[in-house]
Amino acid sequence: MVSMEDMSIRLFILRGAYGYKGFTEQVGENLYKVDTKAFKETIENAKEPIDASKVSELSSNQIKTLQGAPSGSWLVPLLNRMGQLGMMDLREGLVNPKLFQYTSTMNAYKRSI
């Protein structure tokens with residue numbers, strides 16, 4: 001089971017590196033609230049796809065690329081789960097060079113606290 005803080009960091013990386021917009025609500029001009037609790041509950045408890053048209057899984061090349069990143073150990077299972085639930089269409093491709101930048105920044109942040 002993943003802590004709420006870790007899930008918040010994971011959702012932050014998904015939003016920053018991949019532009020994932022789910023589980024957010026606009027609360028003002030250029031101001032958004034992220035519902036990490038709902039995201040966590042959905043990942044852990046959902047039984048049916050949210051969007052059947054997006055149900056997919058990571059390709060072996062995507063997995064290989066992601067495992068090269070420091071976050072690959074948790075990112076691969078999370079993205080596969082999101083693909084199972086149709087939360088992201090993994091067939092669109094995920095290789096994003098920003099991922100490595102964000103992961104390094106988050107690792108530095110975690111080391112500092």
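In the predicted model, Thr42 is placed in helix α2, which spans residues 36-45. The relative accessible area of Thr42 is 17%, and this residue is therefore classed as buried, since the cut-off for that class is under 20%. Beyond its neighbours within four places in sequence, Thr42 is in contact with Phe23, Ile50, Arg81, Leu85 and Met87.

Arg15, by comparison, belongs to helix α1, which comprises residues 4-18. With a relative accessible area of 27%, Arg15 counts as partly exposed, because this value falls between the limits of 20% and 50%. When residues up to four places away in sequence are not counted, Arg15 touches Tyr20, Lys21, Thr24 and Val34.

Both helices form part of a chain with five helices and two strands, arranged along the sequence in the pattern α-β-β-α-α-α-α. Of the 113 residues of the chain, 35% count as buried, and among contacts with a separation of 6 or more, 71% are accounted for by residues 24 or more positions apart.

The largest pocket in the model has a volume of about 170 Å³ and is lined by 10 residues, with Tyr18, Tyr20, Met88, Asp89 and Glu92 lying nearest its centre. Sorted by class, this lining consists of five nonpolar, two polar and three charged residues. Tyr20, one of the residues nearest the centre of the largest pocket, is also among the residues that Arg15 touches.

Technical notes. Residues are numbered from 1 along each chain as its sequence is written. This is a predicted model: local features need pLDDT of at least 70, side-chain atom pairs count only at pLDDT 80 or more; totals for chains, interfaces and linings use all residues. Side-chain values use heavy atoms; hydrogens and water are left out. On a 1 Å grid over the protein atoms alone, a cavity is a set of points where a 1.4 Å probe fits but cannot get out, and a pocket is an open set with protein on both sides within 12 Å along at least five of seven lines; lining residues have an atom within 4 Å of a point. Grid points are joined across faces, edges and corners, and a volume is the space filled by probe spheres set on the points. Ala, Val, Leu, Ile, Met, Phe, Trp, Tyr, Cys and Pro count as nonpolar, Asp, Glu, Lys and Arg as charged, and the others, Gly among them, as polar. Helices (H or I, at least four residues) and strands (E, at least two) are DSSP runs, numbered from the N terminus. Buried means under 20% relative accessible area, exposed over 50%, partly exposed in between (1.4 Å probe, protein chains only). Contact means heavy atoms within 4.5 Å.
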